[in-house]
Amino acid sequence: MPQSVSLDAPFAEAPPPPPVSAEEWSLLERLRAGEESAFATLVERYQRSMIRLAAAHTPSRAVAEEVVQEAWIGILNGIDGFEGRCPLRAWMFRIVANTAKLRGAREVRSTPFSALEDDEGPSVSADSFRPAEDPRWAGHWVWGKSPTPWPDEQLTSRETMGRLREQLEQLPPRQREVMTLRDIEGWSSAEVCESLGLSEENQRVLLHRARSKVRKGLAGYMAGSEARR
Amino acid sequence: MSNLRPMDITCKEVVELITEYLDDALSLEERTRFEQHLVTCPGCMAYLRQVRQTIQASRRLTEESLPSGVKEELLDAFREWRKRRIG
């Protein structure tokens, strides 16, 4: 289940490990038996998320939709091989991610699987912090550049949501995949690692870079945020 | 004399530790230092809130409807698959 985000909770809670739900097992059984309604349920539930995931690797939404269609066939053909060692959706989304990567590599350019993508700068520009020579407050916020909370009502506006979507679309593919599953879909890190074949640590590095960039992109636009840069 | 004890962390470090903090991946000691910093630093508290707001807003991107026609096409593909499977 998606985790809810509390803005003001003093302590972050660790998510519980994802269970293989009984409900998904029964869907799977029905699917293996060729029941159309079971397939329709899965499509209804996951199609949109799958397209968002595939879009991380494809040049357009239309191609992402084709990829997902192809992935569904892969899922159906592989359904007897699913052994339940991970949640059903983690297994299905792995097929989507792999299909999208293959297709993306053909469509645009090859993405190096090993690299965690281009070497990135810091999450916040260095000039927002006091320099190392500062006798007392080196590495702390420069006065006037420290962040202030964003107004919640602006955050929910249509413009902000559009802006957020743009920021996500500009992320490099691997960062975009991780942020899509973790933050849009609300998956646990364990499940994302399972789906994308990432180590816990690499997953977190990708997520950190993605979130930092998206936050920075929104910051230049939100009222009451730190100075534009 | 400096106000900073050697164990203290800076704002610059806090922004790079946020994701580990939110995933509960910091050691107990790092976590304690992180939280000690937060309670005395409105800038970092606001930064943490902005990151959480970013995550919360991202969750709302799921609210879109399935384009019509897509499901029908997939159901056709399913029927094809079933025909091949059952024979």
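**Exercise 1.** Into which domains is chain A divided?

*Solution.* Chain A is divided into domain 1 (22-107) and domain 2 (126-219), the bounds coming from an automatic or database domain assignment. The model is predicted, with local features requiring pLDDT of at least 70 and side-chain atom pairs pLDDT 80 or more, while totals for chains, interfaces and linings use all residues. Residues are numbered from 1 along each chain as its sequence is written, and chains are lettered from A and ligands numbered from 1 in the order in which they are written.

**Exercise 2.** Describe the contact between the two domains of chain A.

*Solution.* Step 1: the C-alpha centres of domain 1 and domain 2 of chain A lie 27 Å apart. Step 2: 12 residues of domain 1 are in contact with 11 residues of domain 2, contact requiring C-beta atoms, placed from the backbone, within 7 Å. Step 3: on the side of domain 1 of chain A that touches domain 2, helix 2 and helix 4 (88-107) of chain A are the elements giving two or more residues. Helices are DSSP runs of H or I with at least four residues, strands are runs of E with at least two, and both are numbered from the N terminus. Step 4: helix 4 of chain A gives the largest share of that side, five residues.

**Exercise 3.** Characterise the fold of chain B and the packing of helix 1 against helix 3.

*Solution.* Step 1: chain B has four helices and zero strands. Step 2: helix 1 (residues 11-22) and helix 3 (residues 42-59) of chain B pack at about 20 degrees, with axes 10 Å apart; axes are lines fitted to C-alpha atoms over the stretch in contact, and angles run from 0 to 180 degrees between N-to-C directions. Step 3: helix 1 of chain B is therefore roughly parallel to helix 3 of chain B, a label for angles under 35 degrees. Step 4: residues making this contact include B:Val14 and B:Ile18 of helix 1 and B:Tyr47 and B:Leu48 of helix 3.

Conventions:
Angles under 35 degrees count as roughly parallel, over 145 as roughly antiparallel, 65 to 115 as roughly perpendicular and the rest as oblique.
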